[in-house]
Amino acid sequence: MLNFQERVKNKENKLTELEEDLVEYILKNKEAVSQTKIVLLSQKFYTVPNTITRFCKKIGV
């Protein structure tokens, strides 16, 4: 089973700039993100929750 970093590495050439920013934020704030709702995370990045959901599906989470 792949961990988050391996999943991201597999898709690194296909990530948008926003998705790359999400990856960086998630890696720096693993504990906090694990307890954060998608709605709050999307607000932090000035986007909609669907963007976060699509990112998760893209990397297979």
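Predicted model: local features only at pLDDT ≥ 70, side-chain atom pairs only at ≥ 80, totals over all residues.
Local features need pLDDT of at least 70 and side-chain atom pairs 80 or more, while totals for chains, interfaces and linings use all residues. Residues are numbered from 1 along each chain as its sequence is written, and side-chain values use heavy atoms, without hydrogens and water.

The largest pocket holds about 190 Å³ of space. A pocket is an open set of points on a 1 Å grid over the protein atoms alone, where a 1.4 Å probe fits, with protein on both sides within 12 Å along at least five of seven lines; lining residues have an atom within 4 Å of a point. The volume is the space filled by probe spheres set on the points. Helices α2 (17–28), α4 (38–44) and α5 (49–59) each supply at least two lining residues; helices are DSSP runs (H or I, at least four residues) numbered from the N terminus. With four residues, α5 gives the most. Among the lining residues are Phe4, Leu22, Thr36, Leu41 and Cys56.

The largest nonpolar core has 11 residues, including Val8, Leu22, Leu41, Phe45 and Ile52. Such a core joins buried Ala, Val, Leu, Ile, Met, Phe, Trp, Tyr and Cys residues through side-chain atoms within 4.5 Å; buried means under 20% relative accessible area (1.4 Å probe, protein chains only).

Ser42 lies in α4. Ser42 is buried, at a relative accessible area of 1%. Its side chain reaches the backbone oxygen of Val39 at 2.7 Å. Beyond neighbours within four places in sequence, Ser42 is in contact (heavy atoms within 4.5 Å) with Thr47, Val48, Pro49 and Ile52.

Notes
Buried < 20%, exposed > 50% of the residue type's maximum accessible area, 1.4 Å probe, protein only. Polar contact = N/O pair within 3.5 Å; in protein donor to acceptor, adjacent residues only side chain to side chain.
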